[in-house]
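Let's take a quick tour of charges, salt bridges and rings in a protein chain. Have the sequence and the 3D view ready before you read on.

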Amino acid sequence: MRVVLLGPPGAGKGTQAQIIAGRLGVPAISTGDIFRANVSGQTELGRQAKVFMDAGDLVPDEITVAMVSDRLAEPDAKAGFLLDGFPRTIAQAEQLRESLTELGQTLTCVLELVVDEEELVRRLSGRVVIVDGKPVQREDDKPETVRHRLEVYHRQTEPLSGWYAEEGLLARIDAIGEIDEVTGRAMDALAAADTDDPKG
Ligand code: AMP
């Protein structure tokens, strides 16, 4: 299965990506996690990405697309993958479609996690992550950056929902509720999409 997880910041993509990928037996590929690992490792890629991430902006397409193409070429992604946080622009989606076509592959499903704005702001402002054993707030979860990230989502990423709907790939699920309830809805939507897929 080749799945894209779509949804605004705070929708629970990271959490669901790990669980769903585990159930499907495919790698969860999170562009945000790859960028953060590069920032921590102080690589050249991390240095380039950090400025955009701290501001709550998207890292430019050419940097992101090259990174994802390399990742998808790794052996563990051959039999399937779940992309978390990519694509985030129409240009990235077009590039992804091209890369997959070259590999003779297509997406099975684009799963959109739907959460209302009020709940997103509430979740993001209260979110803590564990770094070196200590709970800290992500730099880009500060209230003013959260607002900006949501604007960026509406402007640059939300149009992907319509784009993938036109391709007949979109499944939208309600992402409010207990984690396992949301996983259950996601697995049902993926099972339905897999049956629809002519290539199986
Ligand atoms: P996330 O962990 O998915 O919320 O991503 C954190 C940050 O990484 C985003 O706010 C962006 O700055 C950057 N990022 C992650 N994925 C992408 C992407 N597909 N395109 C551009 N920037 C991204």
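Start with Glu 118, which sits in helix α6 (residues 117-126); helices here are DSSP runs of H or I with at least four residues, strands are runs of E with at least two, and both are numbered from the N terminus. Keep in mind that this is a predicted model, where local features need pLDDT of at least 70, side-chain atom pairs count only at pLDDT 80 or more, and totals for chains, interfaces and linings use all residues. Residues are numbered from 1 along each chain as its sequence is written, and side-chain values use heavy atoms, with hydrogens and water left out.

- Glu 118 counts as exposed because its relative accessibility is 70% (buried means under 20% relative accessible area, exposed over 50%, partly exposed in between, with a 1.4 Å probe and protein chains only).

**Salt bridges**
- Side chains of opposite charge can pair when their charged atoms come close.
- How many salt bridges does the structure hold? There are 15, each being a side-chain nitrogen of Lys or Arg within 4 Å of a carboxyl oxygen of Asp or Glu.
- Glu 44 pairs with Arg 47, with their closest N and O atoms 2.6 Å apart. Both belong to helix α3 (residues 44-55), 3 residues apart, or about one turn of the helix. Glu 44 is partly exposed at 46%, while Arg 47 is exposed at 55%.
- Arg 185 and Asp 174 also form a salt bridge, at 3.9 Å from N to O. This one links distant parts of the chain, 11 residues apart: Arg 185 is in helix α9 (residues 179-196) and Asp 174 in strand β7 (residues 170-174).
- Arg 71 and Glu 74 meet at 3.5 Å, N to O. Arg 71 is buried at 17%, but Glu 74 is partly exposed at 38%.
- Salt bridges also link Arg 138, Asp 140, Asp 141 and Arg 149 into a network.

**An aromatic pair**
- Searching the whole structure turns up 1 aromatic pair. The ring centres of Trp 163 and Tyr 164 are 5.1 Å apart and their planes are at 85°, so the pair is edge-to-face (centres must lie within 6.5 Å; planes under 30 degrees apart count as stacked, over 60 as edge-to-face and the rest as tilted).
- Trp 163 is buried at 17% relative accessibility, and Tyr 164 is buried at 2%.

Key
Phe/Tyr/Trp six-rings, centres within 6.5 Å; stacked < 30°, edge-to-face > 60°.
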